[in-house]
Amino acid sequence: MNSPVWHPYAHLKTQQRMPKVVGGHGAHFTLENGDTLLDATCSWWCMIHGYRHPRLVEAIRDQAERLCHVMLGGLSHDPAEQLALELVRISPPGLEHVFFSDSGSVGMEVAMKMAVQYHHLLGKPEKHRLLSLMKAYHGDTLGCMAVCDPEEGMHALFADALPRHHFAPAPRAGFEASQEEVQADLDALRRVLERHHREIAALLMEPLLQAAGGLNMTSPHYLRGARALCDEFDVLLIFDEVATGFGRTGRMFAAEHAGVTPDILVLSKGLTGGYLGHAATLATSRVHDAFVGDSALHAFMHGPTFMGNPLACRVALESLAVFEEEDYLARIDLLNRVLRQELLLDTGLRDHPEVADVRVLGATAVVEVKGGAALHGVADFARRHGVWLRPFGRWLYTMPAYITREDEVRRITAVMKDWFR
């Protein structure tokens, strides 16, 4: 009997029966047939502590005995208040107000609504459109689809149903590019702002790593330049760190590489270590204080049912404690060194006729091929070798859990390279 579960991003006519996972431990999960697979994707980049981490499991169990859920409308509770304080403590300076929601996409919807309402409250209702980058991916909800790449993204079917926003070219200069090499990208961004800034409320950006749009890696100089341009043109800067937050780029937050603070910061995925769905949208006092007023329009009309869920907040607190106490940034540095050694320095891989580029940033590595057909069958190949890899489009990537051992990372990269041999 086929499962009634409708799986994401699946072609229903041709999809095979999905492997059923029955458990997991560390960097591995176990299938019902007894096979154990090394998870090279961190379960869509969120299981940073791996599976069945004892401290996170115990935190959920302990909180469940106290309070599983209560609405945050008109009420509060310690886990939400403590998590908000912790997020303010660890985030870039100036982000002092936290709005919770239940997923990264919803967190981005919150950020976009905040930006538009902010300008409206300041007497600039004409600033109601958004500026995004090509190659961007910000989520699959209706508002988020409208700020994803409209050409190479996956939402072209809905183009006529979506709000119309503006797009700037994706930055072309890589992570290690100089200021001079980044200037052309910033000039392109400036041209868009010069033409449309009077109606643009905010610039949305995945800092340094445009994840699901093709794992494009960009320079800290671009972030600094974008911050200056937003200030010049009275545009808020929103960083979507759903994928990059909590160490993925080698710092706690990608913004730290550039030493800049966005006006609004969105976090999810690694926020709870992947153990429960949750998200946080952080804002500066400049944004927050615009909502202090007497009119009905000063209220921010958004309230996800599960925002500030006590179970999610409690496991997020434990996740942050484990991250800091066990020095995960040092672990990520080791992962980075192994990924660079195994992939960037492999001339056989880089010179392969099907390979367009090989990139590494923090605990992320990607092999970009010239055509998607070159990756057809790679997931089954990896599974036969005991590794779970799930490429998309032209990109074969790994984002391992931070607890993945050095020998396990080498096993992942060996499978990636073996595919091209």
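**View 1. The largest cavity has a volume of about 40 Å³.** The model is predicted: local features need pLDDT of at least 70, side-chain atom pairs count only at pLDDT 80 or more, and totals for chains, interfaces and linings use all residues. Residues are numbered from 1 along each chain as its sequence is written, and side-chain values use heavy atoms, without hydrogens and water. One cavity of 30 Å³ or more is present (a set of points on a 1 Å grid over the protein atoms alone where a 1.4 Å probe fits but cannot get out; lining residues have an atom within 4 Å of a point). Its lining consists of Trp45, Ile48, Val242, Ala243, Gly245, Phe246, Arg248, Lys269, Gly270 and Tyr402. Six of these are nonpolar, two polar and two charged, with Gly counted as polar.

**View 2. Tyr9, Trp44 and Met154 make a nonpolar surface patch of about 330 Å².** Patch residues have over 30% relative accessible area and no salt bridge, and nonpolar side chains are joined within 5 Å. A salt bridge is a side-chain nitrogen of Lys or Arg within 4 Å of a carboxyl oxygen of Asp or Glu. Tyrosine 9 belongs to the segment before β1 (21-25) (strands are DSSP runs of E, at least two residues; helices are runs of H or I, at least four).

**View 3. Arginine 52 has a positive phi, near 55°.** Arginine 52 lies in the loop between α1 (42-45) and α2 (54-64). With a relative accessible area of 55%, arginine 52 is exposed (over 50%; buried is under 20%, with a 1.4 Å probe and protein chains only).

**View 4. Leucine 215 has a positive phi of about 55°.** Leucine 215 sits in the loop between β8 (209-210) and β9 (216-217). Leucine 215 counts as buried, at 0% relative accessibility.

Note on methods:
Patches are made of residues with over 30% relative accessible area and no salt bridge: like charges are joined within 9 Å, nonpolar side chains (Val, Leu, Ile, Met, Phe, Trp, Tyr) within 5 Å. Accessible areas come from the Shrake-Rupley method with a 1.4 Å probe; for residues, only the protein chains shown count as cover. On a 1 Å grid over the protein atoms alone, a cavity is a set of points where a 1.4 Å probe fits but cannot get out, and a pocket is an open set with protein on both sides within 12 Å along at least five of seven lines; lining residues have an atom within 4 Å of a point. Grid points are joined across faces, edges and corners, and a volume is the space filled by probe spheres set on the points.
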